[in-house]
Amino acid sequence: MKNQFQTRAFGFARELAEKLNLEGSPLESGNGIEYKNYLNHTIFTIYSGNLDGANKNGVELAIGDFNIFEEYSIPQARTIDWIDNCVKEFAHPAKSKSPQKWKRLAIYNEKEFRKFSDGFYW
């Protein structure tokens with residue numbers, strides 16, 4: 001069951017996805033929503049379940065850096081640097097749990113999520 005922040009974070013993710021013209025679909029596991037572009041490539045996924053222990057009250061976001069390159073022509077290295085800087089400046093580390101080994105970060109509050117969303121506009 002999601003806590004208050006997690007519920008709001010899913011709303012923030014939906015707002016971000018709308019700005020980016022992405023479609024959301026719930027994961028089969030029920031612990032997140034995957035946001036895809038018109039080519040059906042995942043740009044990011046937000047999770048509230050199966051989180052690292054330290055992140056259990058927040059949300060984790062997995063970022064499809066290669067898919068961002070394909071969609072927005074932003075080099076993967078730039079996206080990876082941006083994600084790493086998010087973790088250094090305001091977000092929290094999270095371990096990748098998928099076979100794709102996408103970069104993943106955790107967010108614990110609305111202020112952090114807003115900084116993340118604002119950063120998505122290179």
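A residue counts as buried when its relative accessible area is under 20%. The views below are close-ups of a predicted model.

**View 1. W82 and F120 form an edge-to-face ring pair.**
The ring centres of W82 and F120 lie 5.4 Å apart, and the planes stand at 85°; because planes over 60 degrees apart count as edge-to-face, the pair gets that name. W82 belongs to helix α3 (residues 76-89), while F120 is in the segment after α4 (110-119).

**View 2. Seven aromatic residues, F12, Y35, F44, W82, F113, F116 and F120, form one cluster.**
W82 and F120 from the previous view are both members of this cluster. In the model, the count of aromatic pairs comes to 8.

**View 3. K36 is a buried lysine in a strand.**
K36 lies in strand β2, which covers residues 32-36. The relative accessibility of K36 is 18%, which means that K36 counts as buried. Leaving aside neighbours within four places in sequence, K36 is in contact with L22, E23, H41, T42 and I43.

**View 4. The charged end of K2 sits over the ring of F10.**
The distance from the charged end of K2 to the centre of the F10 ring is 4.0 Å.

**View 5. R104 lies over the face of Y47.**
Here R104 is placed at 4.0 Å from the centre of the Y47 ring.

Conventions:
Residues numbered from 1 in each chain as written. Predicted model: local features only at pLDDT ≥ 70, side-chain atom pairs only at ≥ 80, totals over all residues. Heavy atoms only, no water. Helix = DSSP H or I, 4+ residues; strand = E, 2+ residues; numbered from the N terminus. Buried < 20%, exposed > 50% of the residue type's maximum accessible area, 1.4 Å probe, protein only. Contact = heavy atoms within 4.5 Å. Phe/Tyr/Trp six-rings, centres within 6.5 Å; stacked < 30°, edge-to-face > 60°. Lys NZ or Arg CZ within 6 Å of the ring centre and 35° of its normal.
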